[in-house]
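Hi everyone, thanks for making time for me today. Have a look at the structure on the screen, and I'll walk you through a few spots in it.

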Amino acid sequence: MNNETAKEQQQIPTVYDPQAAEQRLYDWWIESQFFKATGEADKQPYSIVIPPPNVTGVLHMGHALDFTLQDVLVRRKRMQGYDALWLPGMDHAGIATQARVEATLRQEGISRFDLGREMFLEKVWEWKEHYASVIRAQWRRMGFSLDYSRERFTMDEGLSRAVRTVFVKLYEKGLIYRGNRIINWDPAARTALSDIEVEYKEVKGALHHMRYPLQDGSGHITVATTRPETMLGDTGIAVHPDDERYKHLVGKTVFLPIIGREIPIFADEYVDMDFGSGAVKVTPAHDPNDFEMGLRHNLEMISVMDESATMNENAGPYQGLDRFECRKQILKDLQEQDVLFKIEEHIHSVGHSERSGAVVEPFLSTQWFVAMKPLADTAIELQKQGDGVRFVPDRFEKIYLHWIENVRDWCISRQLWWGHRIPAWYCDECNETIVSMEKPASCPKCGHAHLRQDEDVLDTWFSSGLWPFSTMGWPDETDDLKRYYPTDVLVTGYDIIYFWVARMIFTGLEFTGEKPFRDVLIHGLIRDSQGRKMSKSLGNGVDPLEVIEQYGADALRFMLMTASSPGNDLRFYWEKVESARNFANKIWNASRFVMMNLGDFRYEDIDLHGELGTADKWILHRLNETAAGVNAALERYDFGEAGRQLYEFIWSEYCDWYIELAKLYLQGEDAAAKRTTQSVLVYVLDQSLRLLHPFMPFITEEIWQHIPHQGQTITLAAYPEHQQRFVDEQAAREMELLMDMIRSVRNIRAEMNVPQSRPVAMIVKPANSETEALIRRGKAYIRRFCNPDSLTIDQTAVTPEKSVTAVVTGTELFLPLAGMIDVDAEIARLEKEWKHLDAEVERVEKKLSNQGFLAKAPADVVEAERTKGLDYAEKREKVQARLEELRR
């Protein structure tokens, strides 16, 4: 697709076919390596690492939004001359992927245990390869400008080495440890979960009040629980040391109902003496707070369930029952024994597994943990010094800080087979634990050679947390790491600030000494048109590929960008996709018109230094303002505003106005004026396509290849910037007035049912000589678009009888419509206009009387409001005068 001859370029098809163009263009882009970061020393680097999608299945609309935001940023930077790297990759998604593969095997009547670990992992790798290719195909369909030569996977060889390196280093620093602790247990997936993998839901439950008899026979103590099945593991009763009701009982013991175990009553400040009875049953093996009290008071820790949440041998007569079946049976038995004396409804928050949906069980287990406080302290200090990551919008910084200031140790071991296996080995001879990058030949303590590796794998987020630097080659000092790290921006949803963003910051600071990215751009979720979250259960999800098949990738991309604002959810409307498709068609048709009116015009023929007309100067001025506005909006990550400005300029000003104005000279006899018009048409179209390219890459490239252009591809063409030489406020004012006049006349014709083809007399009464001169310069435009059979421009013009009036800034227009005008209809129209102008005057006056606005708004904004107020008042006065005249 090199720059072709003018004749070849102009062979643009009648209709744009996205399905035919998109695949062809993307294949060419990839083949030509336009998206490959070059490492050129004279270019400033710019880098983004893609949030790696899980290889659990296909991409959804949330991915389409997230990745399109990044593509817009990267494409623009590449066009601005940066050495731009957008690094792709995918996440192994341990628990989620294993669950999907196991579900597939179950349909064949097979379990992972039937296959064994090695064969099962072969099946998961097959799954990964299949879905990785599906995801790549979706990336291609969306037009993402990824550098595939640097694609990574969280379990590829290099990233696996990075994971082991981090584990070993943190272990050696004492920041990774193994211990018995209460963890969140998913009994369906049979694995531990970190705190942030637990979703809390309000559940209608019950509070069960029970009497535990004192061992000395002197009475009883009352406790309450929402989980009566856990009482079988009670090893104490806690009261507050200042609670006068129970001071005499501290040191005594009670008998645990049903089991008969004797357990102590002790004092601990954790107890809230104002809640319930003020006495708390303590089950150290099934509650995190009870666990801490158990450590403080040296209580026995008795687990009454196994890994499937089935009651175990410590549950006495309930052994073998599911935990919820046990609850029903134990309540029945406690009532019969007169231990349970009151049940009250109780709405409480219950943890559910984010992955399986099962009710999470607090479970005493030996697991691996990361001590988070030392890592968090470094990140907190950096953020509070003002040197931390910049969150956009900034309100998310508070959410991030709140979480890391209250972070708990992170359970990182998972009882799965798919994932990074923990690099720890155990010597059965001397019980030594060896943490090492590779399997040791023998035990360093006793020399025994029979070592077994830990069966567990690491939490998926452990490897994801290293993503910004591990993908660049760390722990090696690679050229990519030196050049592209830290990255410039991370784009992600607000739902994974805790899961991922915070952990990348911790690890980046710990292992590279630098924050992993300068900015974090937070976007919202995509909801359906009713504001509901898209989900399988509601059946309201929209497949991005379905949208692309129907409307093309550019329409989907532009809809997503113009509907987005940082940090806020957006709603998906098919109508908005259709509107974006119509925008693409509008650009295509306008480009066809330009091409059909170029003849042998070439890019080298563009000349903007000759005599330019008012319309030429105006469109170049507005192009200039649009370039400045779009760049400013993208710098602050306001994609919606950037897209809105592009839409308004291209549709309303270039297509609807300038192209129509250009016909005056394209169809005229003045060869020089025609050449100038061709120059402006081509130049503005070229620059508009460049501005739009990051949003709508396919159609802009397709058109650009057909119009006169310079360079191989629009993907590497210079991105337009503000140019002082095109600033022309005078031309802008002139054209605004002329366009207002033309619009007013056309509106009057429409309201009065006077067709555009029917000539009418037109009298223009300018307010002053300057305005009169301006209007006279634009006579050609007025004649073409207003179709007057006579045109009078006179400051002293007298209002004709039975004429229709329009008031624009600094000018009155009269259209004598004798025999064509309905006076009553004209009065009604002007009364409506008067009300509108009166409301605008009132609005401005209220604004200008607001002391808060006057104090906070910049001086130029206040002045602009005053000017608008005066303009509205002047127009209202003229409309009022015309109304009085008509009524007479």
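Predicted model: local features only at pLDDT ≥ 70, side-chain atom pairs only at ≥ 80, totals over all residues.

Strand 7, residues 198-213, is joined to strand 8 by 6 bridges, and the two run antiparallel.

Okay, zoom out a bit. These strands belong to an open sheet of 3 strands, in the order 8-7-13, with antiparallel pairing. At the edges you'll find strand 8 (220-225) and strand 13 (340-353), each pairing on one side only. From one strand to the next, the twist averages 20°. And lying across strand 7 and strand 13 is helix 9, residues 323-336, which runs at about 160° to strand 13.

What does its charged end sit over? The ring of Phe341, 4.1 Å from the ring's centre.

Now, rings. There are 36 aromatic pairs in the structure. Take Phe120 and Trp417: they're edge-to-face, with 5.7 Å centre to centre and 70° between the planes. Phe120 is in helix 6 (residues 117-142) and Trp417 is in the loop between strand 17 (413-414) and strand 18 (424-427), so this pair ties together parts that are 297 residues apart in sequence. Buried or exposed? Both Phe120 and Trp417 are buried.

Then there's Trp410 with Phe462: the centres are 6.0 Å apart and the planes are at 40°, so we call that pair tilted. Those two also belong to one aromatic cluster, together with Phe167, Tyr171 and Trp368.

That's my tour, thanks!

Terms used: Residues numbered from 1 in each chain as written. Heavy atoms only, no water. Pairing = 2+ DSSP bridges. Helix = DSSP H or I, 4+ residues; strand = E, 2+ residues; numbered from the N terminus. Axes fitted to C-alpha atoms, helices over the stretch in contact; angles between N-to-C directions. Contact = heavy atoms within 4.5 Å. Phe/Tyr/Trp six-rings, centres within 6.5 Å; stacked < 30°, edge-to-face > 60°. Buried < 20%, exposed > 50% of the residue type's maximum accessible area, 1.4 Å probe, protein only. Lys NZ or Arg CZ within 6 Å of the ring centre and 35° of its normal.
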